[in-house]
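This report goes through a structure chain by chain, then element by element. Keep the sequence and the 3D view open while reading.

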Amino acid sequence: MKASEVVWTAVIATSLAVGSIFPLAYTFYLSLLTGGRPGQGDIGFINYARMFSDPKINWSIAISVTYTVLSLITSFLLGLASAFIITLISRGRRLLEAVYTIPLSVSPIIAGIVWSPSAVWDDVNSLIHVSLGLPFIDVTDPLIYIPIMALAEGWLWSPLFMLGSLVVINELPYECHEAAAVMGARKRDIMRFLYIPTVLRSKTMKMLLVVKAIDFFRAFEIPFAWSSWVRATELSAATDTLSLLLFKLLIIPSELPVSYVAAISIVLMVLAFAVALTIYQILFRGDGA
Amino acid sequence: MRIALERIEKSYGNRAVLRGIDAVIESGEFFCVLGPSGSGKTTLLRLIAGLERPDRGRIIFDDEDVTDLPARDRNVSMVFQNLALFPNMTAYENIAFPLRVRRVSEGEIRKRVKEMAELLRIEGILNRRVDTLSGGERQRVALARALIYEPRAFLLDEPLTALEPQLRRELREELKRIQRLTKITTIYVTHDQTEAFALADRIAVLGGGVFHDIGEPIRVYARPKTLWVAEFLSDSPLNFFTCNIEGNSILVNELGLRISAAMPIRGAERVKAVIRPEDIKLENVSNNDMFQGEIKRVEPVGDRVLYEVEVISRRTRLIVKELGTERIWPLGMKVGIRIPLDRVLLFNNQGNAL
């Protein structure tokens, strides 16, 4: 091995050790402490055993999975729709792209606030009630606000899927568009029979879905913002994704067993990977990828 | 469907690509447009497909003027040079695309794709993604996709160019077979003479934005209408001679040959005689020789041999091409030379055939 290769190997190994392996190993070590804190109790898997019988954790896992699936579908569909609208217009395409990209620069907390009951739903409710004579929608009902949270998350990340879709569509050879036109396809046919299958099957889009699945599974900011709107401050509220539950456990003094929180975070990581891997397996089946 | 092109002109900026194209392609005809790169072949095809509009002139399908009709409403099909298959889709989905656009029911699509796959012998690859197919398979998928919706005309833009010779030959035959079966008016553009001659009912030779000659392949080859066509259709250098006109006969100065002209020639005109290398025959020396010559250069080119032969007593050299390599005349050998006078091509000063 050359001297330069030795140096680079050392640099990479050190950065991996400092950046990834040590935090993970230390968190795992903490999760094994039976006394709750370093220096207390023995080493064992008691925190993991406790966790899997803890209804709060099981509830949070269910919330996280639901939130991930809804957010992924919403952001993907909104992104795809935006991309298709952009492909339909011939003038001002760049401007529209810029406008559609704005949500990506919005802080997730702000997104949570923008889509909050007071910002949007009070007005929507008033409109529905006054103009249509329908009863008020109870936005504190989890069956209502969980989809709204996912919609906020979807809105926030839709530009990512829009840009991904546009990249895939723009990568289609120009002759493909011409061939479609010669075969009698109108714009809506091209969208339905060419763009949608192409985008859905592109590796770029599949990778984006996998990456965002991991991200949505760890979602914190929007559920946090909504937990205050709907007064869901107690543990096991319907806003409690695993990340939010961890946060609550850490800020409630009586619920502060560090080793227990470490065990949850390890499980969160493993589950996020598992969700991503499952989606990866589904999406890339038959691709030879 | 009959296609009429009337005085078609097309320019890009200051560059005139097509400068007055006139042609009529009869219904069910296999029509090849043959021309060198940059001659405007693809542009002409795109105009017929409706992907571009001519600056001047009209395109008529049967009795309908389609000059301003968008591509999607012309009901023609086109196979592009790079095939333009849809990536990330299977062969089946590619072939089914034009039917889905026409809102044909899924059951009917399955039936028609199966029939088309049988016609093109691609039943086994329908469920494979097109990016996993070989060049020949992709080609067949593109043909199937272009034919499945029974277009009024079938346009092909050098679709076999990227393939290896053996496969090209196979697909050429396949294409001819399918065209005969379907009887769809077909326009095929290519720079490859072999392809054009093998496929076409009629050939149009395109150069500099105009058709120099249109006709049956054998006639276009044997009696090209212009010197440019004669040169373009030859893959080896031609033998050029200057001529004097004496009444209704032409004297080829360098060879002392006298040829009768088919029609009276104005005395003031200069005439050029062209003899193709493959039209000259070499024989063992005998007393009946038209000329005698000496082999000065031998150049085997695959399945044929090119010779440079000096005509004894005439101080002129001829390029001769003989098919086959079983008999190769050695360098310095004395040979008899025979030139069939009916194969000598005569052109006036403007390069038009006499």
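## Chain A

Chain A has 13 helices and zero strands. Read from the N terminus, its elements therefore follow the pattern α-α-α-α-α-α-α-α-α-α-α-α-α. This is a predicted model.

Of the 289 residues in chain A, 35% are buried. Among contacts in chain A with a separation of 6 or more, 76% are between residues 24 or more positions apart.

## Where the chains touch

How many residues of chain B are in contact with chain A? There are 22 of them, and they meet 18 residues of chain A. Strand E6 (76-79) and helix H2 (91-101) of chain B each provide at least two residues of the side of chain B that touches chain A. The most comes from H2(B), with five residues.

Sorted by class, that side of chain B consists of 14 nonpolar, four polar and four charged residues.

## The sheet in chain B

Chain B contains an open sheet of six strands with mixed pairing, in the order E6-E7-E8-E3-E9-E10. E6 and strand E10 (210-215) of chain B are at the edges with a single partner strand each, so one side of each has no neighbour in the sheet. On average, neighbouring strands of this sheet are turned by 15° against each other, direction ignored.

Within the sheet, strand E3 (residues 30-34) and strand E9 (residues 202-207) of chain B pair in the parallel sense over four bridges. Cys32(B) has Ile203(B) in E9(B) as its bridge partner. Helix H4 (residues 135-147) of chain B lies across E6 and strand E7 (153-157) of chain B, and runs at about 170° to E6(B).

## Helix H3 of chain B

Helix H3 (residues 106-120) of chain B has 15 residues, which at 1.5 Å a residue should span 21 Å. The end C-alpha atoms of H3(B) are 21 Å apart, in agreement with that value.

Which residues of H3(B) are buried? They are Val113(B), Met116(B), Ala117(B) and Leu120(B). Seen down the axis of H3(B), the buried residues fall within an arc of 100°, so they line one face of the helix. An α-helix has 3.6 residues a turn, so residues three or four places apart point the same way. The buried residues of H3(B) pack against H2 and H4 of chain B. The face turned away from the buried side of H3(B) carries the exposed residues Gly107(B), Glu108(B), Lys111(B), Glu115(B) and Glu118(B). Just after H3(B) comes Arg121(B), with a positive phi of about 55°.

## Glu174 of chain B

Glu174(B) is in helix H5 (residues 165-182) of chain B. Is Glu174(B) buried, exposed or partly exposed? A residue counts as buried with 20 or more other C-beta atoms within 10 Å of its own, and as exposed with 12 or fewer. Glu174(B) has 17 other C-beta atoms within 10 Å, so it is partly exposed.

Glu174(B) and Arg140(B) are 34 residues apart in sequence. In space, their C-alpha atoms are 9.3 Å apart.

Conventions: Residues are numbered from 1 along each chain as its sequence is written. Chains are lettered from A and ligands numbered from 1 in the order in which they are written. This is a predicted model: local features need pLDDT of at least 70, side-chain atom pairs count only at pLDDT 80 or more; totals for chains, interfaces and linings use all residues. Two residues are in contact if their C-beta atoms, placed from the backbone, lie within 7 Å. Ala, Val, Leu, Ile, Met, Phe, Trp, Tyr, Cys and Pro count as nonpolar, Asp, Glu, Lys and Arg as charged, and the others, Gly among them, as polar. Two strands pair if DSSP finds at least two bridges between them. Axes are lines fitted to C-alpha atoms, for helices over the stretch in contact, and angles run from 0 to 180 degrees between N-to-C directions. The expected span of a helix is 1.5 Å times one less than its number of residues. The arc is that of the directions from the helix axis to the C-beta atoms.
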